[in-house]
Amino acid sequence: MKILVITNSSDAHADYCIEKMSSKEIDVVRLDVDKYLSKYTISWTNFGTRQEFRAVDESGLAVVASNDVKSIWFRKVILGAYDFVGMDINQQFAHREIEALLNNMYACLEDRFWINHPKQNRFAE
């Protein structure tokens with residue numbers, strides 16, 4: 001079982017922590033949400049009322065599958081500007097679609113151990 005770190009590509013703290021965990025042979029996987037579409041492809045499978053996802057990198061290798069995740073560390077998810085001022089309609093659409101994808105991923109992992117769930121982070125803000 002893996003620890004999934006959901007962050008962005010410029011998160012130096014996650015870099016450091018992932019390196020430390022890996023050196024202790026902890027199975028950790030990083031998913032940089034700002035690289036979705038350019039680095040990852042995410043596919044979904046339905047099993048009745050349960051859904052699973054699988055992230056694959058550009059070479060076709062599996063990065064992570066939801067059924068392999070034991071716990072999640074939600075770090076700094078940055079999708080760019082959260083106000084749509086200055087974005088054309090296509091950018092706004094893409095931004096909303098990526099947010100919807102992330103929310104669906106979180107829902108698939110709802111029953112796992114979260115170090116800090118994004119819902120709880122929003123309540124704390």
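**Exercise 1.** Which helix lies across E3 and E4, and at about what angle to E3 does the helix run?

*Solution.* The model is predicted: local features need pLDDT of at least 70, side-chain atom pairs count only at pLDDT 80 or more, and totals for chains, interfaces and linings use all residues. Residues are numbered from 1 along each chain as its sequence is written, and side-chain values use heavy atoms, with hydrogens and water left out.

Step 1. Helices (H or I, at least four residues) and strands (E, at least two) are DSSP runs, numbered from the N terminus.
Step 2. The helix is H2, residues 89-108.
Step 3. H2 runs at about 50 degrees to E3; axes are lines fitted to C-alpha atoms, for helices over the stretch in contact (heavy atoms within 4.5 Å), and angles run from 0 to 180 degrees between N-to-C directions.

**Exercise 2.** State the strand order of the sheet and identify the edge strands.

*Solution.* Step 1. The open sheet has three strands, ordered E3-E4-E5, with antiparallel pairing (two strands pair if DSSP finds at least two bridges between them).
Step 1. E3 (40-47) and E5 (62-65) each have a single partner strand, so one side of each lacks a neighbour in the sheet.

**Exercise 3.** Describe how E3 is joined to E4.

*Solution.* Step 1. Eight bridges join E3 to E4 (residues 50-57).
Step 1. Threonine 41 stands opposite valine 56, and phenylalanine 47 opposite arginine 50.

**Exercise 4.** Is glutamate 52 buried or exposed?

*Solution.* Step 1. Glutamate 52 is in strand E4.
Step 1. Its relative accessible area is 16%, and glutamate 52 is therefore buried (buried means under 20%, exposed over 50%, partly exposed in between; 1.4 Å probe, protein chains only).
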